[in-house]
Amino acid sequence: MTLLSTSPQSPPNAPAAPQILHRCRELVAPALTKAIGGLHPWVAEMAGYALGRCEVGGAPATYSQGKGVRQTLAVLGAEAAGGCADVGVPGAVAVELVHTFSLLHDDVMDGDALRRGRPAVWKAYGTGPAVLAGDALFALAVETLTAVPATAHGATAVRQVTTALGDLVRGQADDLLFAHRPWTGPDAVGVGEYEAMAEHKTGALLGCALALGAQLAGAQRETAYALDRAGRHLGVAFQIADDLLGIWGDPAVTGKPVHSDLRQGKKTLPVLVALNAPGHSALAELLTSRAALDDSAVRRAATLVEQAGGRAAALREARRHLTAAQALLAGAPLAPWPARDLRTLLSSLAHRVI
């Protein structure tokens, strides 16, 4: 038996988060490649481009393919429920396909021209082709799970993914609608509404990944539910991290211009908190101006958000959700070393936020 399919009953030396992510990506990669290879060649090329595997036209490339957090959570979910890593691979492939599908569509809806430092799929291939590729990836995700034998809980797995997708769509719809709501007044977006959106848009798939792996390994319903909730808390923290990076992130790391979210007028948690703080009138005046924010205005807005406590409050809220995720893991009946790896991974991801 290779290291990549080690049984939870044979604990290895405690790995660091990069090793955990690498182990799981390497385990999932052949199945992911095989799944994408069954698509129409042009659609498969767009999928490969989205994953950083090829250039436009199909020439091999070695761009960033992301950390593989969701596929790793699916593998660890299976191991934590007492199964071998291999059992979680179909779930890992499915969540990676759904995640990539959501990114393709998000970039179209948000008008984001860059993804991981290079042109987004819709900029490289066109809007219609990008939407088509996204649709194909979601269909492939469902097909991947329907191929799992019924005795291996395939039907439950499909329901888990489709439920998560429904939540993801709900969250994305709210996020789009937020853009048309005012910054201040009775119709302004509330912090509670924001967190519900973040749980649906980002947390649903992270929770699905953990629960899916566990379900494929035959976990009890209560265990799968606890893992789903842990992933959802992690997702809110992730969304808050994206908010912080969207205002104060390094373009070399984010692949997007500095202050990009402020320029686009996105309703993000740091800004919503700052607008509810005493003496926010200068910030509100900037944000509600009919004129587009120039470089000086967005820098001023970022400073006002920080001075009003928006940045610090967002960090505190991210920490709260990460703590809640850790508590759910601690309270679930999980195999010891996979649970340890999950805690290690969450602790590492916390640094992205904190």
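Predicted model: local features only at pLDDT ≥ 70, side-chain atom pairs only at ≥ 80, totals over all residues.
The stretch to be careful with is residues 1-10, where the pLDDT is below 50.

**Confidence**

**Helix α3**
- Look for α3 at residues 69-80: it's twelve residues long.
- From first C-alpha to last, α3 reaches 16 Å, close to the 16 Å you'd expect at 1.5 Å a residue.
- Is α3 mostly covered or mostly open? It's mostly covered, with twelve of its twelve residues buried.
- Among those buried residues are R70 and E79, along with V69, L73, V75 and L76.
- Just after α3 comes G82, which takes a positive phi of about 100 degrees.

**The cavity**
- Searching the whole structure turns up one cavity of 30 Å³ or more.
- The largest cavity holds about 170 Å³ of space, and 16 residues line it.
- Which of the lining residues sit closest to its centre? They're Y49, A50, L51, R115 and R116.
- Helices α2 (41-50) and α4 (89-110) and strand β2 (118-119) each supply at least two lining residues.
- The largest share, four residues, comes from α4.
- Sorted by class, the lining has nine nonpolar, three polar and four charged residues.

Key
Residues numbered from 1 in each chain as written. Heavy atoms only, no water. Expected span 1.5 Å × (residues − 1). Buried < 20%, exposed > 50% of the residue type's maximum accessible area, 1.4 Å probe, protein only. pLDDT = per-residue confidence, 0-100. Contact = heavy atoms within 4.5 Å. 1 Å grid on protein atoms, 1.4 Å probe; cavity = no way out; pocket = protein on both sides within 12 Å on 5 of 7 lines; lining within 4 Å. Points joined across faces, edges and corners; volume = space filled by probe spheres on them. Nonpolar A, V, L, I, M, F, W, Y, C, P; charged D, E, K, R; others polar.
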